[in-house]
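Colleague: I would like to learn how to read a structure like this one feature by feature. Could we start with the surface and then work inward?

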Amino acid sequence: VEERISSPRRFGLSQNVPNPFNTDTMIEYSLAEAGHVLMALYDPMGRRIRTLVDERKEAGRWTVRWDGKDGAGRNAASGLYFYRLEGSAGVESGCTPTKKMILLR
């Protein structure tokens, strides 16, 4: 589930809320310009477990919800996860913000 909030001045990724979480969590990100966006979740071994966003987005602040499930729809295990934001527009060279979160079942 995604929702556009407003128009920011720069590319950014916020900490998920709540963190730690049990059933679902919200992640906010911002785009200064329209472009392709990829946000994916990774386990501590660096394996991608799910892609949350992979599409063109307009400039603005967006939120996405993670329901604690992997790409196959199974409940992810409790533990530490990383989420990373990549974009094609308005991104400073080498900027791929990454944050960590904790899922507690």
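Modeller: The protein chain exposes about 5900 Å², and carbon and sulfur atoms supply 47% of that area. Keep in mind that this is a predicted model.

Colleague: Which residues make a nonpolar patch on that surface?

Modeller: L80, I102 and L104 make a nonpolar surface patch of about 220 Å². L104 lies in the segment after β8, the strand that covers 98–103. With a relative accessible area of 45%, L104 is partly exposed, because that class lies between the limits of 20% for buried and 50% for exposed.

Colleague: What share of the chain is buried?

Modeller: Buried residues account for 37% of the 105 residues in the protein chain.

Colleague: How many helices and strands does the protein chain have?

Modeller: There are 0 helices and 8 strands. Read along the sequence, the pattern is β-β-β-β-β-β-β-β.

Colleague: How should I read the pairing of strands?

Modeller: The general idea is that strands of a sheet pair through backbone hydrogen bonds, in either a parallel or an antiparallel way. In this structure, an open sheet of 4 strands has the order β5-β4-β7-β8, and its pairing is antiparallel.

Colleague: Which strands stand at the edges of that sheet?

Modeller: β5 and β8 do; each has a single partner strand, so one side of each is left without a neighbour in the sheet. On average, neighbouring strands of this sheet are turned by 20 degrees against each other, direction ignored.

Colleague: How does β4 pair with β5?

Modeller: β4 and β5 pair in the antiparallel sense over 8 bridges. G35 stands opposite K57 in β5. The hairpin of β4 and β5 has 5 residues between the strands, and G46 there takes a positive phi near 90 degrees.

Colleague: Is β4 largely enclosed or open, and why?

Modeller: Of the 8 residues of β4, 7 are buried, so β4 is largely enclosed by the rest of the structure.

Colleague: Let us turn to charges. What is the general idea behind a salt bridge?

Modeller: Side chains of opposite charge can pair when their charged atoms come close. This structure holds 6 salt bridges.

Colleague: What is the N to O distance between R65 and D24?

Modeller: The side chains of R65 and D24 meet in a salt bridge at 3.5 Å, N to O. This pair links distant parts of the chain: R65 is in strand β6 (residues 60–66), while D24 is in the loop between β2 (12–13) and β3 (25–31), and they are 41 residues apart. R65 is partly exposed, with a relative accessible area of 32%. D24 is also partly exposed, at 27%.

Colleague: Which residue forms a salt bridge with R50?

Modeller: D67 does, and the closest N and O atoms are 2.6 Å apart. This pair links distant parts of the chain too, with R50 in strand β5 (residues 48–57) and D67 in the loop between β6 and β7 (79–87), 17 residues apart. R50 is partly exposed at a relative accessible area of 22%, and D67 is partly exposed at 22%.

Colleague: Leaving aside neighbours within four places in sequence, what is D67 in contact with?

Modeller: D67 is in contact with T23, D24 and R50. D67 and T23 are 44 residues apart in sequence, yet their C-alpha atoms are 6.1 Å apart in space.

Colleague: How do I read such contacts over the whole chain?

Modeller: Take the contacts between residues at least 6 apart in sequence: 59% of them join residues at least 24 apart.

Colleague: One more pair, please. Are K57 and E55 buried or partly exposed?

Modeller: K57 counts as buried at 8% relative accessibility, whereas E55 is partly exposed with a relative accessible area of 37%. K57 and E55 form a salt bridge, with the closest N and O atoms 3.7 Å apart.

Technical notes:
Residues are numbered from 1 along each chain as its sequence is written. This is a predicted model: local features need pLDDT of at least 70, side-chain atom pairs count only at pLDDT 80 or more; totals for chains, interfaces and linings use all residues. Side-chain values use heavy atoms; hydrogens and water are left out. Patches are made of residues with over 30% relative accessible area and no salt bridge: like charges are joined within 9 Å, nonpolar side chains (Val, Leu, Ile, Met, Phe, Trp, Tyr) within 5 Å. Accessible areas come from the Shrake-Rupley method with a 1.4 Å probe; for residues, only the protein chains shown count as cover. A salt bridge is a side-chain nitrogen of Lys or Arg within 4 Å of a carboxyl oxygen of Asp or Glu. Helices (H or I, at least four residues) and strands (E, at least two) are DSSP runs, numbered from the N terminus. Buried means under 20% relative accessible area, exposed over 50%, partly exposed in between (1.4 Å probe, protein chains only). Contact means heavy atoms within 4.5 Å. Two strands pair if DSSP finds at least two bridges between them. Axes are lines fitted to C-alpha atoms, for helices over the stretch in contact, and angles run from 0 to 180 degrees between N-to-C directions.
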